[in-house]
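Hi,

Here is the structure I promised to pass on to you. Please have a look at it first, and then read my notes below.

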Amino acid sequence: MMLFLSSQLNTYLIIGAFLFACGIYGLLQHRSLIGMLISGELVLSGASVNMMAFNRFLAPDPTVGQIFTLFIMGIAAAEAAIALSIIIAVYRNYKTIDAEDLQDLQG
Amino acid sequence: MTLYSGFFYLLAVIITVATALTITSRNLVYAVIYLVISFLGTALLFYLLGAPMLAALEAIIYAGAIMVLFLMIIMLIQVDEQEGVVSLLNQCFFVIAVIGTTFSLVMLLLYANPGSFLPLQAGMVTPRQFGAFIFQRYWLAVEVVSFLLLVALVGALFLSRSQSKEATYGVKR
């Protein structure tokens, strides 16, 4: 049982949980907005590893779960584009992307 | 089966180490490069799980396009090298408490379920099957996602345009 860790569902789920936990850790720990965004990509990557593992082990049709991973990719691309353009706009106005310098509201 | 297992262990080690280096490296350029390695490992993991189409898409879109976008923005904005890490002790404690709670809850969920030790079945989905399946059954969702990407494109254009107009007129700073 221990020899074939690669043929158990739990191993893949643990990898997904590790990616998710690393993403949350980086999201809380990083100080710049780009670092937070990079960690958010790790969270999405953990979610897609989970989807692929459940698809492979539990789905009757092995194609169904892959569509979720495809949609996660599309959503991640849209999120990265929007968030990076917001970061550029913030940098133009404030000359910084440090999250601690962005606490005050300006009209 | 043993070749598969060895390849899987190698990939798991690569993904784990690259992810840990991503969130601990202080320089953001190094973080992005480690993240590219982690995504390439994830793409190979997808290939092992029987999805060559998604492996190619992950390598091209994630590790290629999105990461090049990140690198371009990092080099466009002069991020100071000591971007760093929150160093206060109570904040670190808080962070580690949150992560430990999340991870241990996931572990508890995994091992409380006795039916989760499932055997691996052989299954490989060729790109032809995948494309036919998507465009026969899930075409509406594909259209919604493509519309979302279009909205994101227009939104990114609008954000950069309105800010540049303000900068030209000198409204704010």
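Starting from the N terminus, the elements of chain B follow the order α-α-α-α-α-α. That gives chain B six helices and zero strands. Please keep in mind that this is a predicted model.

A few words on chain B as a whole. Of its 173 residues, 32% are buried. The accessible surface of chain B is about 10,600 Å², and carbon and sulfur atoms hold 73% of that. Looking at the contacts in chain B with a separation of 6 or more, 60% are between residues 24 or more positions apart.

Now to the place where the two chains meet. Chain B puts 79 residues into the contact, and chain A puts in 75 residues. Together, chain B and chain A bury about 7,300 Å², with 75% of this on carbon and sulfur atoms. On the side of chain B, the residues that lose the most area to chain A are Ile23(B), Leu49(B) and Phe70(B), which together make up 9% of what that side buries.

What about charges and polar groups across the interface? The count of salt bridges between chain B and chain A is zero, while three residue pairs are in polar contact across this interface, with both residues at pLDDT 80 or more.

Which elements of chain B touch chain A with two or more residues? They are helix H1 (2-24), helix H2 (28-48), helix H3 (52-76), helix H4 (89-112), helix H5 (127-137) and helix H6 (139-169). H6(B) supplies the largest share of the side of chain B that touches chain A, namely 13 residues. Sorted by class, that side of chain B consists of 55 nonpolar, 18 polar and six charged residues.

Finally, here is one residue you could look up in the viewer. Ala63(B) sits in helix H3 of chain B. Is Ala63(B) buried or exposed? Its relative accessibility is 12%, so Ala63(B) counts as buried, the cut-off being under 20%. Setting aside neighbours within four places in sequence, Ala63(B) has contacts with Val36(B), Phe39(B), Leu40(B) and Glu58(B).

Enjoy exploring it!

Best wishes

Note on methods: Residues are numbered from 1 along each chain as its sequence is written. Chains are lettered from A and ligands numbered from 1 in the order in which they are written. This is a predicted model: local features need pLDDT of at least 70, side-chain atom pairs count only at pLDDT 80 or more; totals for chains, interfaces and linings use all residues. Side-chain values use heavy atoms; hydrogens and water are left out. Contact means heavy atoms within 4.5 Å. Buried area is the accessible area (1.4 Å probe) that two parts lose on being put together, summed over both. A salt bridge is a side-chain nitrogen of Lys or Arg within 4 Å of a carboxyl oxygen of Asp or Glu. A polar contact is a pair of N or O atoms within 3.5 Å; within protein, one must be able to donate a hydrogen and the other to accept it, and residues adjacent in sequence count only if both atoms are side-chain atoms. Helices (H or I, at least four residues) and strands (E, at least two) are DSSP runs, numbered from the N terminus. Ala, Val, Leu, Ile, Met, Phe, Trp, Tyr, Cys and Pro count as nonpolar, Asp, Glu, Lys and Arg as charged, and the others, Gly among them, as polar. Buried means under 20% relative accessible area, exposed over 50%, partly exposed in between (1.4 Å probe, protein chains only). Accessible areas come from the Shrake-Rupley method with a 1.4 Å probe; for residues, only the protein chains shown count as cover.
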